[in-house]
Amino acid sequence: MELLNQLINYDKELLLFLHSKGSSTWDGFWIFVTNPLYWIPLFLILFYVGYKVYGLKTAAIISLFTALSAAFSLITVNFIKNNVQRLRPINDININTTVRVLIEAKDFSFVSGHSTVSFTIAFLSFFVLRKHYKFAFLIFLFPLLFAYSRLYLAAHYPLDILFGMFLGFSIALFFYKILNKFFLKN
């Protein structure tokens, strides 16, 4: 238990350090970045790239699996959040007076939904496209920016983001294995 408490304290200290590097100059940018609606053009680009590689039917199947994996990620995240019930930094009375509160969020912090869903989509897209595009790894810029926005805004602790990355990877790998077995192998 002592190790867990130490880990949580380090997590809080790291968040406070990272959050302290922010400034009002960048606030609007990170608030923009954290909104999932502004990432829709990226998803359309991914569909187009999938269409160029696999054709319309398979690109539609890939899109369906991507949507299913994202939905599964959200369901999993909400299950975890409601059982762990870790307060968000902006709602934690022990530290919320030392962070700039730029957004409101009433649900819990662990595990980050933004991180989990964005890394699920990125890993699944990477797995599908890596053999066809040598720069497919650039897709990870999306979830890294998305995840950092959550730290910048003090909506999550670093461990919330890190576990979201691992959860996203695991979910993407599961959906990719099914997709690859039944739809991508020709």
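1. Helix packing first. Axes are lines fitted to C-alpha atoms, for helices over the stretch in contact, and angles run from 0 to 180 degrees between N-to-C directions. Helices (H or I, at least four residues) are DSSP runs, as are strands (E, at least two), numbered from the N terminus. This is a predicted model: local features need pLDDT of at least 70, side-chain atom pairs count only at pLDDT 80 or more, and totals for chains, interfaces and linings use all residues. Residues are numbered from 1 along each chain as its sequence is written, and side-chain values use heavy atoms, with hydrogens and water left out.

2. The H4 and H5 pair. Their axes come within 9 Å and cross at roughly 150 degrees. H4 is therefore roughly antiparallel to H5. The cut-offs are under 35 degrees for roughly parallel, over 145 for roughly antiparallel, 65 to 115 for roughly perpendicular, and oblique for the rest.

3. What meets what. On the H4 side, the residues in contact with H5 include Ile62, Phe65, Ala70, Leu74 and Lys81. Contact means heavy atoms within 4.5 Å. The residues of this contact divide into 9 nonpolar, 6 polar and 1 charged. Here Ala, Val, Leu, Ile, Met, Phe, Trp, Tyr, Cys and Pro count as nonpolar, Asp, Glu, Lys and Arg as charged, and the others, Gly among them, as polar.

4. H1 against H6. Helix H1 (residues 2-20) packs on H6 at an angle of about 95 degrees, with the axes 9 Å apart. So H1 is roughly perpendicular to H6. Leu15, Leu18 and His19 of H1 meet Tyr148, Leu151 and Tyr152 of H6. That contact has 5 nonpolar residues, 1 polar and no charged.

5. The cores. A nonpolar core is a set of buried Ala, Val, Leu, Ile, Met, Phe, Trp, Tyr and Cys residues joined through side-chain atoms within 4.5 Å. Buried means under 20% relative accessible area, exposed over 50%, partly exposed in between (1.4 Å probe, protein chains only). The largest core has 35 residues, and Val128, Leu179 and Leu184 touch the most other members. Helices H3 (40-54), H4 (56-84), H5 (113-129), H6 (141-152) and H7 (158-184) each give two or more residues. H5 gives the most, with 9. Another core, of 13 residues, lies apart from this one; Ile103, Ala105, Phe146 and Leu153 are among its members.

6. Leucine 179. Not counting residues up to four places away in sequence, Leu179 touches Ile61, Ile62, Phe65, Leu124, Val128 and Leu184.

7. Backbone points to check. Most residues other than glycine have a negative phi, and most peptide bonds are trans. Phenylalanine 110 and valine 111 are joined by a cis peptide bond, with omega about 15 degrees. Valine 111 sits in the loop between H4 and H5. Glutamine 85 lies in the loop between H4 and H5 and has a positive phi, near 60 degrees. Its relative accessibility is 46%, so glutamine 85 counts as partly exposed.

8. The loop between H6 and H7. Alanine 154 is in this loop, with a positive phi of about 60 degrees. Alanine 154 is buried, at 0% relative accessible area. Alanine 155 is also found in the loop between H6 and H7 and is buried, at 0%. Alanine 155 touches Arg88, Pro89, Ile103, Ser109 and Arg150, not counting residues up to four places away in sequence. The C-alpha atoms of alanine 155 and leucine 15 are separated by 9.9 Å, with the two residues 140 apart along the chain.
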